[in-house]
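Come and look along with me.

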Amino acid sequence: MGLLSTILGVFGFGIGTSIGLVIGYYMFIYFLPTHVEGPTICPLVDQDSQTLQRMLPEIPLWVKNPDFDRVDWLNQFIGYMWPYLDKAICTTAQNIAKPIIAEKIPKYKIQSVEFETLTLGSLPPTFQGMKVYTTDEKEIIMEPTLKWAGNPNIIVAAKAFGLKATVQVVDLQVFASPRITLKPLVPAFPCFAKICVSLMEKPHVDFGLKLLGADAMSIPGLYRFIQELIKEQVANMYLWPKALEVTIMDPSKAIKKPVGILNVKVLRAMKLKRKDLIGSSDPYIKLRLTEDNIATTKKTTVKHNNLNPEWNEEFSLVVKDPETQTLELVLYDWEQVGNHNKMGMNIIPLKDITPEEPKVFTLDVLKNMDPNDAQNEKSRGHIVVEVEYKPFADDQIPDDVEDSNKVEKAPEGTPASGGLLVVIIHEAEDVEGKYHTNPHVRLLFRGEEKKTKRVKKNRDPRWEEDFQFMLDQPPINDKIHVEVISTSSRMGLLHPKENLGYVLISLADVVNNKRINEKYHLIDSKNGKIQIELQWRTSS
């Protein structure tokens with residue numbers, strides 16, 4: 001019975017399956033429609049924007065939205081320039097990051113954090129389109145759409161407690177829609193004073209992260225956490241209406257040109273106060289117009305041991321805005337060692353001066369220009385000056401107007417293909433040694449060494465010394481090494497010499513610009529800075 005039941009079951013299953021297939025086939029043929037219409041063909045122009053976006057998700061914005069302009073030329077330009085932009089951007093990023101990292105790592109007991117590799121890869125970003133707004137204000141507003149699926153290789157190495165850890169960033173993707181505003185527009189190159197950047201929506205940032213060679217993003221939950229963290233942090237800082245502002249120039253100065261000459265004759269000072277413990281004072285006066293740089297400051301000679309000095313010295317200053325500028329006179333007591341002591345000051349607003357009419361001013365020597373400072377009531381003496389403002393004729397600037405950036409010509413005998421490199425060491429700030437602070441400056445250039453005088457026990461020394469190097473060729477590829485050193489005058493001290501910081505200055509900018517005058521942060525110094533002026537003088 002068991003065998004017979006099995007045979008009948010198999011036979012019944014086969015017959016039932018065959019009958020089901022036959023019935024299903026005839027039902028399919030019976031219900032099949034006899035009239036079939038062809039597909040509807042509709043031009044793309046008749047489709048709405050949402051349908052187009054579903055059909056063509058990667059269509060450029062200049063096609064989907066008529067407000068966006070096509071910027072293929074910009075993408076082509078970036079494509080050609082990308083190998084150079086890559087190096088320039090990476091170098092700038094390293095220069096910005098190094099001092100920030102050096103300031104932060106001591107708090108976390110980290111010895112060093114360095115970029116072992118930093119490149120943005122071979123794939124440049126692309127702009128899908130750009131929208132430009134016109135307003136009644138003096139500004140230009142642009143909204144580009146940026147997409148970048150790059151192949152950067154960024155390796156950061158950190159050392160702490162004798163161990164080294166590396167972090168690598170790879171496969172970066174950034175999709176962003178920034179708003180770039182150039183304002184205000186001014187009639188001086190580059191024709192705008194500020195760049196303001198805002199994000200119109202949260203950016204999409206995706207990247208791979210390798211820690212010690214392992215894929216850190218494979219850790220459950222870490223990928224989504226980092227994604228949201230980056231979006232929130234960037235949005236909190238730069239999501240519109242918040243903005244990142246980069247100042248290119250002072251707009252108030254950009255439109256100002258010389259309008260006249262101020263002739264100043266420093267006559268005398270009277271009844272000055274004694275500053276030196278032994279003797280009297282050694283006064284001199286610095287004068288400058290406000291809103292001008294340090295290079296336009298003038299200085300009288302020093303009158304030693306004299307509380308009633310007479311100078312009768314004349315100076316000429318270029319005036320750019322007689323309504324807002326003032327003549328500032330600061331009286332100092334000269335010191336052979338250490339800082340020169342400030343004895344007092346006063347100012348003369350140029351709007352108080354009648355053009356073409358000489359006028360003599362007798363000014364009280366004040367501690368500062370704060371009208372509420374009670375110490376200004378103390379008598380510190382007087383300064384007598386004669387001033388005359390001579391405005392230029394309309395649209396005419398004389399050829400002999402002084403240019404603050406003008407550099408003197410090199411002396412006779414200078415090689416025609418070379419020139420004279422002048423290094424002026426002005427002053428330093430916040431330099432401090434562990435055992436002593438008696439700073440002097442040491443220059444090293446092409447194997448030649450020069451030194452300034454030593455200033456004893458001073459964290460803010462002033463030298464005002466210049467050094468000259470005669471060169472056969474422009475030092476385009478050279479650097480000058482400047483270091484601040486403290487030496488002890490005591491015999492037998494365990495630490496007779498101490499390095500307070502140094503800086504390496506590339507001379508390419510000096511050759512191109514003829515003159516630079518900047519403050520440099522000292523390397524290996526906590527807060528130290530040094531002000532150095534460099535000039536490249538040629539015979540032509």
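This is a predicted model: local features need pLDDT of at least 70, side-chain atom pairs count only at pLDDT 80 or more; totals for chains, interfaces and linings use all residues.

Entry 1: I asked how many aromatic pairs the structure holds.

**Entry 2: W82 and W148.** I looked up the ring centres of W82 and W148 and found them 6.0 Å apart. Their planes stand at 70°, over the 60 degrees needed, so I noted the pair as edge-to-face. Next I checked where the two residues sit. W82 belongs to helix α4, residues 72-104, while W148 belongs to strand β3, residues 140-149. They are 66 residues apart in sequence, so this pair ties together separate parts of the chain. Buried or exposed, I wondered, are W82 and W148? Both W82 and W148 turned out to be buried.

**Entry 3: F445 and F469.** Here the ring centres lie 5.3 Å apart with the planes at 70°, so I wrote down edge-to-face for F445 and F469. The pair links distant parts of the chain, 24 residues apart. I placed F445 in strand β20 (residues 439-445) and F469 in strand β22 (residues 462-471). I then looked up accessibility. F445 has a relative accessible area of 2% and F469 has 3%; the cut-off is under 20%, so both count as buried.

**Entry 4: charges over rings.** Which residue lies over the face of F469, I asked? It is K450, at 4.5 Å from the ring centre. I also found K286 over the face of Y332, at 5.5 Å from the ring centre.

How values were computed: Residues are numbered from 1 along each chain as its sequence is written. Side-chain values use heavy atoms; hydrogens and water are left out. Rings of Phe, Tyr and Trp (its six-membered ring) pair if their centres lie within 6.5 Å; planes under 30 degrees apart count as stacked, over 60 as edge-to-face and the rest as tilted. Helices (H or I, at least four residues) and strands (E, at least two) are DSSP runs, numbered from the N terminus. Buried means under 20% relative accessible area, exposed over 50%, partly exposed in between (1.4 Å probe, protein chains only). A charge sits over a ring if NZ of Lys or CZ of Arg is within 6 Å of the ring centre and within 35 degrees of the ring normal.
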